[in-house]
Amino acid sequence: MVKFLLLALAFGLAHAHAELEGKWVTIAIAADKVDKIEKEGPLRIYVRELTCSEACNKMGVTFYVNANGQCSETKVIGYRQEDGKYRTQFEGDNIFEPVHATAENIVFTSKNVDRTGQTTNLIFVVGKSKTLTPEQYEKLEEFAKERNIPTENIREVLATDTCPE
């Protein structure tokens, strides 16, 4: 029985990681410090691809930032910590984790501590579809409230994504 449970757990984790990998686009971002995610803000990232390696102990995130009208491609590697969250460096120290994944969307929570010590709590929604449905947006609003992020700080960013695919 124990072997079966371990096998089921391993299969479940492999399946979850398979859902994360692939081509994605940023659909929405929410933050408690909204200036960080406004147009050309340092944490307004336009995701392109997620990869997992070493049993997803490393998660690669390829994305663009748009500053002064110029798109700059960036790739970071998040290293899984003991608590299951990933840690990487971009505009300071970042701790992030996928909290909900379907074939169409992934929701990540993230905490950024910038070089001045300012902490920003974020939610990133990446997806395969072009926009959130009204029901999905409502769920995002509810989740933002749970994370103490004002709903007026949600930005649907897909329309401002002018960076290369």
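**Group meeting: a buried arginine and the strands around it**

Let's start with one residue. Arg-48 is buried, because its relative accessible area is 8%. Buried means under 20% relative accessible area, exposed means over 50%, and partly exposed lies in between, with a 1.4 Å probe and protein chains only.

A word on the source. This is a predicted model, where local features need pLDDT of at least 70, side-chain atom pairs count only at pLDDT 80 or more, and totals for chains, interfaces and linings use all residues. Residues are numbered from 1 along each chain as its sequence is written, and side-chain values use heavy atoms, with hydrogens and water left out.

Now the overview. The protein chain has two helices and 10 strands. Helices (H or I, at least four residues) and strands (E, at least two) are DSSP runs, numbered from the N terminus. The order from the N terminus is α-β-β-β-β-β-β-β-β-β-α-β. The chain has 165 residues, and 39% of them are buried. It exposes about 9,400 Å², with carbon and sulfur atoms supplying 54% of that. Those areas come from the Shrake-Rupley method with a 1.4 Å probe; for residues, only the protein chains shown count as cover.

Contact means heavy atoms within 4.5 Å.

Back to Arg-48. It sits in strand β3, residues 45-53. What does Arg-48 touch, leaving out residues up to four places away in sequence? The list includes Gly-22, Trp-24, Thr-62, Tyr-64, Asp-161 and Glu-165. Cys-163 is one of the neighbours too. The backbone oxygen of Cys-163 lies 3.0 Å from a polar atom of the Arg-48 side chain. Val-61 is 13 residues from Arg-48 along the chain, and their C-alpha atoms are separated by 7.7 Å.

On to the nonpolar cores. A nonpolar core is a set of buried Ala, Val, Leu, Ile, Met, Phe, Trp, Tyr and Cys residues joined through side-chain atoms within 4.5 Å. The largest one holds 28 residues. Which of them touch the most other members? Val-47, Met-59, Val-61, Phe-63 and Phe-108. Two or more residues of this core come from each of β2, β3, β4, β8 and β9. Apart from this core lies another, of 12 residues, among them Val-107, Ile-123, Ala-144 and Ile-154. Beyond its neighbours within four places in sequence, Phe-63 is in contact with residues including Ile-45, Val-47, Arg-48, Thr-74 and Phe-90.

Next, the hairpins. Strand β8 covers residues 105-113, and seven of its nine residues are buried. β7 and β8 pair in the antiparallel sense over eight bridges. Two strands pair if DSSP finds at least two bridges between them. Ala-101 stands opposite Ile-106 in β8. The β7-β8 hairpin has three residues between its strands.

β8 also pairs with strand β9, residues 119-127, antiparallel over nine bridges. Here Lys-111 has Asn-121 in β9 as its bridge partner. This second hairpin has five residues between the strands, and Gly-117 in the turn has a positive phi of about 90 degrees.

Where is Asp-93? In strand β7, residues 93-101. Asp-93 counts as buried because its relative accessibility is 18%. Its side chain makes a polar contact of 2.7 Å with the side chain of Arg-87. A second polar contact, 2.6 Å, goes to the side chain of Gln-89. A polar contact is a pair of N or O atoms within 3.5 Å; within protein, one must be able to donate a hydrogen and the other to accept it, and residues adjacent in sequence count only if both atoms are side-chain atoms. Asp-93 also touches Lys-111, Asn-112 and Val-113, among others.

Now some backbone angles. Most residues other than glycine have a negative phi. Glu-40 has a positive one, about 70 degrees. It lies in the loop between β2 (25-31) and β3, and is partly exposed at 39%. Ala-55 has a positive phi near 55 degrees. Its loop runs between β3 and β4 (58-67), and Ala-55 is exposed at 62%. Just after α2, Asn-148 has a positive phi of about 60 degrees.

Last, helix α2 itself, residues 134-146. Its 13 residues should span 18 Å at 1.5 Å a residue, and its end C-alpha atoms are 19 Å apart, so the two agree. The expected span is 1.5 Å times one less than the number of residues.
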